[in-house]
Amino acid sequence: MVNEPDTGQPDGSRVDAIVEVVDVHKSFGDVNALAGASLSIPAGTVYGLLGANGAGKTTLINVLSTLLIPDRGTAKIRGVDVTVDPGTVRRSIGLAGQFAAVDEYLTGHENVEMIGRLYGLSLRDARRRAKEVLDRFNLVDASNRKVSTYSGGMRRRLDLAASLVGRPEVLFLDEPTTGIDPASRLDIWELVRDLIGAGTTVLLTTQYLEEADQLADRIGVIDHGKVISEGTADELKDSLSANTVRLRVNDDELDAARRAIAPIADYREHPGGLLELRAVNGNQTVVDVLRSLDRDGIEPIELALERPNLDDVFLALTGRSTDGNGNSARATDEDNR
Ligand SMILES: Nc1ncnc2c1ncn2[C@@H]1O[C@H](COP(=O)(O)OP(=O)(O)OP(=O)(O)O)[C@@H](O)[C@H]1O
Ligand SMILES: [Mg+2]
């Protein structure tokens, strides 16, 4: 089932949740960046927060990582309220922010080692740990170069490496692959999958529907500061009542096929004898179409049920379409930056 985000317990908390957000509000002047956001993430799972520019993703990450105090509502990490005991929260989290927070004038190694020191590791441990994470992120060769010489993808990887140096139980990744070329994006997905394998609880935000689909156990769609729907990728897709049934026939049977399917569902026609039926119950429509074709002696070349993709889900939930890369077509804040 696709749920309206439900916190489970009467007091709004959920026992097994490592990250727990209940009805969080945050305004900047007139802008309600968060307007009653709620979500909860069980230990060792990946939650994908999917939303367009300005939906409130970074604001929520900032609240959870103690960088912003919410106006109201509660946010807890491992049961600890982020506003009551931010120090404890900081020790258990790692953050790779939307804009890489690495120091241009230090080398890759120095950056990661410094973060390790900030996490309270001894110099020796910080050095060893920096080597480990740089190795894991394929940055060893570049580790003694100044970051100012790094490519965008390398900076991203360095930022991710730095976020892991303190062995956080909970990791926040704010748009880990935005602005990254497709090959590096696949690398980063691999690395995130590794982390998941290691049991880290991850909250990642993304504008890419495919990314949420690939990496997340559960997906929440955030819009205007509120999580408006939640579920697995499959559940979200199932939540769309309409499916598309593709039927392809030989040109000389096209007329007969049109007559056969017209009583069953509305359809659109495409070149090459392709007819696309809009079906409320896809499986039933496939059966109906097959029977009807059979009755009229028509042999389909292709008859298939197409499940909606996450872009369709996004459109259905927010009323806005995406540009095919998963970005909302709405005017973006980025344009004003
Ligand atoms: N410090 C701030 N001052 C004023 N407005 C802000 C501030 N931070 C965020 N906002 C506004 O709050 C809203 C939510 O912003 P937020 O950065 O959380 O969105 P986002 O989902 O992370 O977007 P993006 O995908 O572009 O990173 C936006 O309208 C933004 O302009
Ligand atoms: Mg953001």
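Which residues of H1 are buried? In this predicted model, the residues in question are Lys57, Thr59, Leu60, Ile61, Val63 and Leu64. The legends below treat H1 together with ligand 1, and then several individual residues.

**Figure 1. Helix H1 and its covered residues.** Helix H1 spans residues 57–64. The helix is mostly covered, six of its eight residues being buried. Among the buried positions are Lys57 and Thr59, together with Leu60, Ile61, Val63 and Leu64. H1 also supplies three residues to the shell around ligand 1, the largest share of that shell.

**Figure 2. The shell of residues around ligand 1.** Ligand 1 is surrounded by 16 residues. The closest of them are Asn53, Gly54, Thr58, Thr59 and Glu175. Thr59 is also one of the buried residues of H1. Strand S2 (31–42) and helix H1 (57–64) each contribute at least two residues to the shell. The space that ligand 1 takes is the largest pocket.

Figure 3. On its own, ligand 1 has 630 Å² of accessible area, of which the protein covers 71%.

**Figure 4. Thr66, after helix H1.** Thr66 follows H1 and lies in the loop between this helix and strand S4 (72–77). Its phi is near 70 degrees, a positive value in a residue other than glycine. Is Thr66 buried or exposed? Thr66 has a relative accessible area of 13% and is therefore buried, the limit being under 20%.

**Figure 5. Arg78, between strands S4 and S5.** Arg78 is located in the loop that runs between S4 and strand S5 (80–81). Although Arg78 is not a glycine, its phi is positive, at about 50 degrees. The relative accessibility of Arg78 is 40%, so the residue counts as partly exposed.

Figure 6. Lys26 belongs to strand S1, which covers residues 17–28. Which backbone atom lies 2.8 Å from a polar atom of the side chain of Lys26? The atom is the backbone oxygen of Ile69. Lys26 counts as buried because its relative accessibility is 12%.

**Figure 7. Leu247 in strand S11, with Leu305.** Leu247 is placed in strand S11, made up of residues 243–248. With a relative accessibility of 0%, Leu247 counts as buried. How far apart are the C-alpha atoms of Leu247 and Leu305? Their separation is 9.0 Å, while along the chain the two residues are 58 residues apart.

Notes. Residues are numbered from 1 along each chain as its sequence is written. Chains are lettered from A and ligands numbered from 1 in the order in which they are written. This is a predicted model: local features need pLDDT of at least 70, side-chain atom pairs count only at pLDDT 80 or more; totals for chains, interfaces and linings use all residues. Side-chain values use heavy atoms; hydrogens and water are left out. A residue is near a molecule or strand if one of its heavy atoms lies within 4 Å of it. Accessible areas come from the Shrake-Rupley method with a 1.4 Å probe; for residues, only the protein chains shown count as cover. On a 1 Å grid over the protein atoms alone, a cavity is a set of points where a 1.4 Å probe fits but cannot get out, and a pocket is an open set with protein on both sides within 12 Å along at least five of seven lines; lining residues have an atom within 4 Å of a point. A molecule sits in a cavity or pocket if more than half of its atoms lie within 2 Å of its grid points. Helices (H or I, at least four residues) and strands (E, at least two) are DSSP runs, numbered from the N terminus. Buried means under 20% relative accessible area, exposed over 50%, partly exposed in between (1.4 Å probe, protein chains only). A polar contact is a pair of N or O atoms within 3.5 Å; within protein, one must be able to donate a hydrogen and the other to accept it, and residues adjacent in sequence count only if both atoms are side-chain atoms.
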